[in-house]
Amino acid sequence: MRIVVPNAMHFSRHSRSWICTSLVVPALLGSRAFGDTATYQLTVDVTWSEVTHPGLFPPEAHFSWHGGATHSAQTGFWQVGALASPGMVQMAEVGATITLLQEVQAQIDAGLAGSKLNWPWWFCPADTSHAACGEHVVTFEINDEFPLVTLVSMLGPSPDWFVGVSGLSLRSDGQWLKKVLVDLHPYDGGTRSANVFQLFGPLTIPPEPISLITEESSQLVTPESLGTYTFTLLTPPCPADLDQSGEVNAADLGQFLGNWGGSGIGDLNGDGIVGAADLGVLLGAWGPCG
């Protein structure tokens, strides 16, 4: 298949007429769109309660601040079997994400992460009422250059226990996943040896690697799920669908060509001008959206 498009030097967007020669460009129907961005809603459901964990539901139980990043596979911020970074230590021991977000910023500066994820309030179960408790539903943007999500939150109160995900991909086979549900089982940060529902306690020297809490761990917090993350795709990304018809087709191409050399509608790569680079994006997204 071939699509005939105007040479930028020989097309008048004001008269919308052909003046001279045309440039033949192959339709890149199988390629991915550059800079594909999606918006997700994250719902944090804290199911931890006296009913689910009899005798293991401390006063003011909660998930603390949530912090993390969108990033590529070339970097990461925590994993089972590795020692906790300073940012992960602060998060797991006191619930703050200040240092962790500094680590994220360093990876953004290095071109390995896309954005910070930062929600500095408690995510509380129904049985906890506290001024620090906030909303359980948040939104964030993610793009195909940095399609992985890392997110963590201290299990409060605890010495160094936390929940979260590490390098979770929201993209598969070139498409954004419509919904991802994650059960939140507790992890041990490896820096405190206390086994109580309270902050701090004796330091573990030397520190141990991060581990998933199991029955064999004999931790006061049991390995059962304490809640879920639900990542829901809000709007299937289709920036090349200029007329919002649900597919990228000849009508969008015509609208695009009508604004050739201009700005705004048709500027699909965000460089401020509608041109050949944007044409590649449009042709790469040709067909139904979603």
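# Questions on a predicted model

Me: Why is Ser218 called exposed?

Reply: Ser218 has a relative accessible area of 53%, and because exposed stands for values over 50%, the word applies to Ser218 in this predicted model. Ser218 is found in the loop between S16 and strand S17 (227-235), where it takes a positive phi of about 55 degrees although it is not a glycine.

Me: And why does Glu60 count as partly exposed?

Reply: The relative accessibility of Glu60 comes to 45%, which lies in between the limit of 20% for buried and that of 50% for exposed, so partly exposed is the term for Glu60. Glu60 also has a positive phi, about 60 degrees, although it is not a glycine, and it is found in the loop between strand S5 (37-46) and strand S6 (62-63).

Me: How do you know that Cys124 and Cys133 are joined by a disulfide?

Reply: The two sulfur atoms lie 2.0 Å apart, and since a pair of cysteine sulfur atoms within 2.5 Å counts as a disulfide, Cys124 and Cys133 are taken as joined. By this rule the count comes to one disulfide. The angle about the S-S bond is -90 degrees, and the link of Cys124 and Cys133 is left-handed.

Me: Why are H1 and H2 called roughly antiparallel?

Reply: Helix H1 (residues 86-94) and helix H2 (residues 98-109) pack at an angle of about 150 degrees, and because angles over 145 count as roughly antiparallel, that is the term for this pair. Their axes are 7 Å apart, and the crossing of H1 and H2 is left-handed. On the H1 side the contact is made by Pro86, Gly87, Met88 and Gln90, and on the H2 side by Ile98, Thr99, Leu100 and Glu103. Sorted by kind, the residues of this contact give four nonpolar, three polar and one charged.

Me: Which residues of H1 are buried, and what covers them?

Reply: The buried residues in H1 are Gly87, Met88, Met91, Ala92 and Glu93, and what covers them includes H2, S10 and S11. Just after H1, Gly95 takes a positive phi of about 85 degrees.

Me: What makes H3 roughly antiparallel to H4?

Reply: Helix H3 (residues 250-258) and helix H4 (residues 276-284) pack at an angle of about 170 degrees, with their axes 11 Å apart, and because this angle is over 145, H3 is roughly antiparallel to H4. In the contact, Asp252, Leu253 and Phe256 of H3 meet Asp278, Leu279 and Leu282 of H4. These residues divide into four nonpolar, no polar and two charged.

Me: Why is Pro186 called buried?

Reply: The relative accessible area of Pro186 is 0%, and as buried means under 20%, Pro186 is called buried. Pro186 is found in the loop between strand S14 (179-183) and strand S15 (187-188). Leaving aside residues up to four places away in sequence, Pro186 touches a set of residues that includes Leu155, Phe162, Val163, Leu212, Ile213 and Pro223. With Pro223 the separation is 37 residues in sequence and 6.2 Å in space, C-alpha to C-alpha.

Me: Why is Thr230 called buried?

Reply: Thr230 has a relative accessible area of 17%, and since this is under 20%, Thr230 is called buried. Thr230 is found in strand S17, and it touches Gln41, Leu42, Thr43, Lys179, Val180 and Leu181, not counting residues up to four places away in sequence.

Me: What kind of peptide bond joins Gly156 and Pro157, and what kind joins Ile205 and Pro206?

Reply: Gly156 and Pro157 are joined by a cis peptide bond, with omega about -10 degrees, and Pro157 is found in the loop between strand S10 (148-156) and strand S11 (161-169). A cis peptide bond also joins Ile205 and Pro206, where omega is about -10 degrees, and Pro206 lies in the loop between S15 and strand S16 (211-212).

Conventions:
Residues are numbered from 1 along each chain as its sequence is written. This is a predicted model: local features need pLDDT of at least 70, side-chain atom pairs count only at pLDDT 80 or more; totals for chains, interfaces and linings use all residues. Side-chain values use heavy atoms; hydrogens and water are left out. Axes are lines fitted to C-alpha atoms, for helices over the stretch in contact, and angles run from 0 to 180 degrees between N-to-C directions. Helices (H or I, at least four residues) and strands (E, at least two) are DSSP runs, numbered from the N terminus. Angles under 35 degrees count as roughly parallel, over 145 as roughly antiparallel, 65 to 115 as roughly perpendicular and the rest as oblique. A crossing is left-handed if the near helix is turned anticlockwise from the far one by less than a right angle, and right-handed if clockwise. Contact means heavy atoms within 4.5 Å. Ala, Val, Leu, Ile, Met, Phe, Trp, Tyr, Cys and Pro count as nonpolar, Asp, Glu, Lys and Arg as charged, and the others, Gly among them, as polar. Buried means under 20% relative accessible area, exposed over 50%, partly exposed in between (1.4 Å probe, protein chains only).
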